[in-house]
Amino acid sequence: DAGRAERVLIKLGTLLRESLRDDGLPWTSFSRELDFVRTYLEIEEVRFGDRLVVGFNIEPRTQAAKVPPMFLQPLTENAVKHGIAHTPSPGKIEVKSRLEDGRVVLEIHDSGPGWVTAPRNGGPPGSEPPGNVSPGSEPPGNGVGVSNVLSRLDGMFDGDFSFLKRESPLGGALVSVSFPFVDVAEVAT
């Protein structure tokens, strides 16, 4: 399908330009991260066809949050790679954000097979303690992408973040990330 191929190539070009864009800043806005992830997931929708449905439920105020660049894409890629790709039936990925007690709460749900990881520090299976997660100390199942996300969050928020993995109400996996809300407009001035 030439039309589909052209649309994917245009979106791939957009992703490449965005990934190479260097503003000289160690942070970006959550809005910009969402734009990047939307483009990435649109490509995956073409790849999977009717097998992938993507939804976003984004509280508008969270879009102004300061975030590390390229932290959201690896999490959604994991939802595709370890969730939807392993399910022959149609699946769903949902990205949600909200403000809660001065913090951004981000959730990525997928309706794939889910996961169970070894408990750490006496917590429930699949849980991570808040903050101070060093890249080499995650439980089994965290690859390079998640390690990089944890490292970026730790560097930006000095350990004041949480990262949880658990079963999703959609029947698959859920990743939940929480960090302080810092408005990019306040940082830029």
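## Ser176 and its strand

Leaving aside neighbours within four places in sequence, Ser176 is in contact (heavy atoms within 4.5 Å) with Val105, Leu106, Glu107, Ser162, Phe163, Leu164 and Arg166. Ser176 belongs to strand β7, residues 173–180; helices (H or I, at least four residues) and strands (E, at least two) are DSSP runs numbered from the N terminus. With a relative accessible area of 7%, Ser176 is buried, a term that means under 20% relative accessible area, against over 50% for exposed and partly exposed in between (1.4 Å probe, protein chains only). Eight of the eight residues of β7 are buried, so β7 is largely enclosed by the rest of the structure.

This is a predicted model, in which local features need pLDDT of at least 70 and side-chain atom pairs count only at pLDDT 80 or more, while totals for chains, interfaces and linings use all residues. Residues are numbered from 1 along each chain as its sequence is written, and side-chain values use heavy atoms, with hydrogens and water left out.

## The sheet

Strand β7 is part of an open sheet of five strands in the order β2-β4-β5-β7-β6, with mixed pairing; two strands pair if DSSP finds at least two bridges between them. The edge strands, β2 (52–58) and β6 (162–167), each pair on one side only. On average, neighbouring strands are turned by 10 degrees against each other, direction ignored.

β5 and β7 run antiparallel and are joined by seven bridges; Leu106 has Val177 as its bridge partner in β7. β6 also pairs with β7 in the antiparallel sense, over six bridges, and the partner of Lys165 in β7 is Val175. By contrast, β2 and β4 (residues 91–100) run parallel, joined by seven bridges. Phe56 has Val95 as its bridge partner in β4.

## Helices on the sheet

Helix α3 lies across β4, β5 (103–110), β6 and β7, running at about 20 degrees to β5. Helix α4 packs on the sheet and touches β6 and β7, its direction making about 15 degrees with that of β7. Axes are lines fitted to C-alpha atoms, for helices over the stretch in contact, and angles run from 0 to 180 degrees between N-to-C directions.

## The helix pair

α3 (residues 72–83) and α4 (residues 144–157) pack at an angle of about 150 degrees, with their axes 9 Å apart. That makes α3 roughly antiparallel to α4: angles under 35 degrees count as roughly parallel, over 145 as roughly antiparallel, 65 to 115 as roughly perpendicular and the rest as oblique. Pro74, Leu75 and Asn78 of α3 meet Gly145, Val146 and Val149 of α4 in this contact.
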